Amino acid sequence: MEAPLYPDFPLDPPTPTGAQSAFWVGPRHLAGDDGRLYDVVADTLAGLGWTSLTIVRGRHQPDEAPEDRQVLRSTVLHISPDSLRWAQWLLADEPFHLGDLPIAWQVSARADTSSPLAQWSAYATPGVPGEALADFLVALDACDQPVAPVVSPSLVLDAVAAHGWLRDIDQFETGAMDPTFTSHFSLGQVPPLIQDADPRSLTTEADDVGPVGWQAWAEPALGAPYLWAVSFGASVPHDLVAAFAASLSSTAPVLRRVLPEATQERLLRAPAN
C-alpha cells in the first residue's frame, strides 16, 4: 500500500457511507460538493470518453518493497480524446490557494497538439457543487474549438439573471450576485498564478492592471471564510463560463448527504427516500 505524504488531501476522496440520510436540497450554489467533488467530475469525464492517468512522484530505492515506497505527490490527469483539453485533480498534490482554499481541479485547453502549453486554465476549490463543474466540462467537451475568441460577457450575467440573480448596482455590466448576497460572479483582474495565453498575465507588475477574467465565490457571511471559489483565466470563452454559471445558479435541487456547516441552515431540503 502506498502512503501519501498528505493524508488530509486524499487522491480520491471517499464517498460518504453509513446511515447518512439523503436529501434534495437547494439552492445549489450553497449546497457544497457532498464530499464527492472528485467522483462527480471524474465520472462525468469517463462518460465523455476522457482518459485518466495517475501521476505519482516519489522516491523508490532499488529492491524496495512496494509497501515501503514513499509517495511525495500524486495527481490524476484526465485527457480528452483529441488531447486539446484536460482536467487535473490537484488536491493530493501541493496546490496553491484561491480565496484561502486549496485548488482541487484545474481545467485547461489548447488550440492544437503542436504546443504543450495551455491557452487558458480554470481553477476550482473544494466546496464547488460538482454538478456545475461537470456541466462546464460537458460544454468544453462539446465545443469544436476550445480556445474560440472570447465573446460578449453578457452571456454569463444573462445565465445567472435567468435564475433570479441580481446585477451588481456598482458593476452592472460585470457583476452579479444571488438574492441573498452570498454568492457572486465578477469580471475583474485575475488573481496571481492563473495561467493564461494573455501575455499580460506574465508581465503585470504589482501596480499594473492585468488581464480580466471571471471570478466566482460564495461567502456565507461578510468576512467569513469562503465556501468555495472559482477562477477563470482571461482567455476562457465566455460561453463556457456561462455554462458553469447557468448550472451553478440553477433552481433545480441537488442530492446531498453531507451539508456544509456554514450554509446548512439556509438550505431547503426534502428527504430523498
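**Exercise 1. In which helix is the place of A159? Describe its surroundings.**

Solution. The structure is a predicted model.

Step 1. A159 is located in helix α3.

Step 2. The relative accessibility of A159 is 13%. Buried means under 20%, so A159 counts as buried.

Step 3. Setting aside residues up to four places away in sequence, A159 touches A242, A245, A246 and S249.

Step 4. A159 and L248 stand 89 residues apart in sequence, yet their C-alpha atoms are 9.7 Å apart in space.

**Exercise 2. At roughly what angle do the axes of α3 and α5 cross? Classify the arrangement and list the residues that make the contact.**

Solution. Two packed helices are described by the angle between their axes and the distance between the axes.

Step 1. Helix α3 covers residues 154–161 and helix α5 covers residues 238–248. Their axes come within 8 Å and cross at roughly 15 degrees.

Step 2. Angles under 35 degrees count as roughly parallel, so α3 is roughly parallel to α5.

Step 3. The crossing of α3 and α5 is right-handed.

Step 4. On the α3 side, the contact is made by L155, V156, A159 and V160. On the α5 side, H238, D239, V241, A242, A245 and A246 take part.

Step 5. Sorted by class, the contact of α3 with α5 has 8 nonpolar residues, 1 polar and 1 charged.

**Exercise 3. Is L259 buried or exposed? Locate it and name its contacts.**

Solution.

Step 1. L259 lies in the loop between β15 (254–256) and β16 (268–271).

Step 2. With a relative accessible area of 17%, L259 is buried.

Step 3. Apart from neighbours within four places in sequence, L259 is in contact with V25, Q264, L267 and R269.

Step 4. L259 and G35 are 224 residues apart along the chain, while their C-alpha atoms are separated by 9.1 Å.

**Exercise 4. Which residues of helix α1 are buried? State what follows the helix.**

Solution.

Step 1. Helix α1 comprises residues 37–47, and its buried residues are L37, Y38, D39, V41, A42 and L45.

Step 2. An α-helix has 3.6 residues a turn, so residues three or four places apart point the same way.

Step 3. G49 follows α1, and its phi is positive, near 90 degrees.

**Exercise 5. How many helices and strands does the protein chain have? Summarise the chain as a whole.**

Solution.

Step 1. The secondary structure comes to 5 helices and 16 strands.

Step 2. The protein chain has 273 residues, of which 45% count as buried.

Step 3. Among contacts with a separation of 6 or more, 66% are between residues 24 or more positions apart.

Step 4. The accessible surface comes to about 13400 Å², and 56% of this belongs to carbon and sulfur atoms.

Conventions:
Residues numbered from 1 in each chain as written. Predicted model: local features only at pLDDT ≥ 70, side-chain atom pairs only at ≥ 80, totals over all residues. Heavy atoms only, no water. Axes fitted to C-alpha atoms, helices over the stretch in contact; angles between N-to-C directions. Helix = DSSP H or I, 4+ residues; strand = E, 2+ residues; numbered from the N terminus. Parallel < 35°, antiparallel > 145°, perpendicular 65-115°, else oblique. Left-handed = near helix turned anticlockwise from the far one by under 90°. Contact = heavy atoms within 4.5 Å. Nonpolar A, V, L, I, M, F, W, Y, C, P; charged D, E, K, R; others polar. Buried < 20%, exposed > 50% of the residue type's maximum accessible area, 1.4 Å probe, protein only. Areas by Shrake-Rupley, 256 points an atom, 1.4 Å probe, with all protein chains shown as cover.
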